[in-house]
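Dear colleague,

Please find below the structure that I am handing over to you. My notes on what was found in it follow directly after.

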Amino acid sequence: MLPTRGYVAKGPASKLEPFTFERREPGPHDVLIDILYCGICHSDIHQARDEWGGAIFPMVPGHEIVGRVARVGSRVKRFKIGALAGVGCFVDSCRRCASCKQGLEQHCEEHLVLTYNGTEKDKKTPTYGGYSSQIVVDEKYTLKISPKLSLPNAAPLLCAGITTYSPLRRFHVGRGQRVGVVGLGGLGHMAIKLAAAMDAEVTVFSTAKAKEQDARRLGAHAFVVSKDPKNLEALANRFDFILDTVSAPHDLNAYLNLLRRDGALALVGASPEPLAVEPFSLIHQRRTLSGSLIGGIRETQEMLDFCAKKNIASDVEVIPIQQVDAAYDRTVNGDVRYRFVIDMKTL
Ligand SMILES: [Zn+2]
Ligand SMILES: [Zn+2]
């Protein structure tokens with residue numbers, strides 16, 4: 001076994017603290033990655049504080065991982081020692097079900113092995129995430145990172161990047177299309193960059209007028225203060241696609257009504273309370289309401305390659321790991337532009 005250092009939450013109310021645990025020895029298909037940077041995703045906080053229930057403690061969070069390959073198993077083909085590598089929200093799946101076979105491992109019908117707060121394929125051994133010195137992952141679930149990308153900025157692509165890229169692709173966002181992005185946080189800022197790079201005309205909806213300059217800098221063509229319903233009403237039946245990244249309760253109908261005929265709205269933010277849908281918001285213009293969950297390995301690689309080609313990555317604030325609790329509080333308060341990333345050499 002490989003002794004590994006990390007930061008751990010021992011319970012829902014405890015601060016994160018240093019921790020030592022063991023990783024498995026790399027098997028024939030595994031790569032050992034020395035972790036260089038790990039993003040702080042809002043879902044790390046929900047899970048470390050057990051806000052979604054069922055949390056497994058002690059918990060080492062982190063699923064926006066980039067690093068360098070330090071060792072490869074005897075049958076590994078895609079990675080060499082010294083290569084850059086990334087790990088996202090899951091590290092294995094059943095590989096047999098219809099979803100796995102279609103490259104949609106995130107929807108594995110048997111057992112998705114989450115990067116942390118989950119269990120290995122034996123459904124017993126807990127998994128530990130990226131707030132740690134190293135990780136061992138099957139090469140099939142390891143992503144290639146282009147040296148063109150800045151590493152700390154690339155880390156959040158592994159969750160925030162694919163979460164926004166996948167629905168944009170699924171709904172065929174492209175040149176000349178009108179795309180709305182609701183909310184400008186960690187997910188929203190990636191959605192703007194990606195949709196603009198796909199040549200869409202991007203409009204950002206935010207409650208905070210102060211974010212307009214940032215939205216435009218990130219690539220938005222228009223900015224709408226969503227607090228005033230009149231601002232939305234003026235844009236009815238206009239959008240091809242809307243990506244809703246807001247994780248607080250809000251009026252979905254106000255946004256559905258902005259879609260043209262056959263337009264679609266996809267949710268990637270998870271409101272803790274149900275969102276009411278007026279049937280006529282969907283019946284009129286036969287609109288679609290959808291959701292989206294990260295992305296499969298194949299599509300995650302496609303997104304990373306797209307980002308390298310278009311020179312896109314996350315806007316980040318790099319912190320030493322000792323500041324992780326303060327970063328959690330600031331993330332909850334929306335006080336980050338737009339993602340915290342832990343510099344793992346401070347561990
Ligand atoms: Zn995440
Ligand atoms: Zn499966």
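**Helix packing and zinc sites**

The axes of helix α4 (residues 160-170) and helix α10 (residues 297-310) approach to within 10 Å and cross at roughly 100 degrees. As angles of 65 to 115 degrees count as roughly perpendicular, α4 and α10 are therefore roughly perpendicular to each other. Please bear in mind that this is a predicted model.

On the α4 side, the contact is made by G161, I162, Y165, S166 and R169, which meet E299, T300, E302, M303 and F306 of α10. Sorted by class, this contact of α4 with α10 comprises 4 nonpolar, 3 polar and 3 charged residues.

Helix α4 is largely enclosed by the rest of the structure, because 9 of its 11 residues are buried. The buried residues in α4 are A160, G161, I162, T163, T164, Y165, S166, P167 and L168. They pack against β10 (178-182), α5 (186-197), β13 (239-244), β14 (259-267), α10 and β17 (339-343). Just after α4, H172 adopts a positive phi of about 55 degrees.

I turn next to the metal sites. The zinc ion (ligand 1) is coordinated by C41 (SG), H63 (NE2) and C159 (SG) at 2.0 to 2.2 Å. Along the sequence, the donor residues of this zinc ion (ligand 1) have the spacing C-x21-H-x95-C. Distant parts of the chain are linked by the pair H63 and C159, which are 96 residues apart. H63 lies in the loop between α1 (42-48) and β4 (65-72), whereas C159 lies in the loop between α3 (151-154) and α4. H63 is buried, with a relative accessible area of 7%, and C159 also counts as buried, at 7% relative accessibility.

The zinc ion (ligand 2) has C94 (SG), C97 (SG), C100 (SG) and C108 (SG) as its protein donors, at 2.3 to 2.4 Å. Why is the arrangement around the zinc ion (ligand 2) tetrahedral? The 4 donor atoms subtend angles of 102 to 120 degrees, and four donors count as tetrahedral if all angles lie between 85 and 135 degrees. The donors of the zinc ion (ligand 2) follow the spacing C-x2-C-x2-C-x7-C along the chain. Here the pair C94 and C108, 14 residues apart, links distant parts of the chain. C94 is in the loop between β6 (90-92) and α2 (98-101), and C108 is in the loop between α2 and β7 (113-114). C94 is buried, with a relative accessible area of 8%, and C108 counts as buried at 13% relative accessibility.

With kind regards

Methods. Residues are numbered from 1 along each chain as its sequence is written. Chains are lettered from A and ligands numbered from 1 in the order in which they are written. This is a predicted model: local features need pLDDT of at least 70, side-chain atom pairs count only at pLDDT 80 or more; totals for chains, interfaces and linings use all residues. Side-chain values use heavy atoms; hydrogens and water are left out. Donors are N, O and S atoms within 2.8 Å of the metal (3.2 Å for Na, K and Ca); water is not among the atoms, so sites may look incomplete. Four donors count as tetrahedral if all angles lie between 85 and 135 degrees; four count as square planar and six as octahedral if opposite donors are over 155 degrees apart and all others between 65 and 115; anything else is irregular. Helices (H or I, at least four residues) and strands (E, at least two) are DSSP runs, numbered from the N terminus. Buried means under 20% relative accessible area, exposed over 50%, partly exposed in between (1.4 Å probe, protein chains only). Axes are lines fitted to C-alpha atoms, for helices over the stretch in contact, and angles run from 0 to 180 degrees between N-to-C directions. Angles under 35 degrees count as roughly parallel, over 145 as roughly antiparallel, 65 to 115 as roughly perpendicular and the rest as oblique. Contact means heavy atoms within 4.5 Å. Ala, Val, Leu, Ile, Met, Phe, Trp, Tyr, Cys and Pro count as nonpolar, Asp, Glu, Lys and Arg as charged, and the others, Gly among them, as polar.
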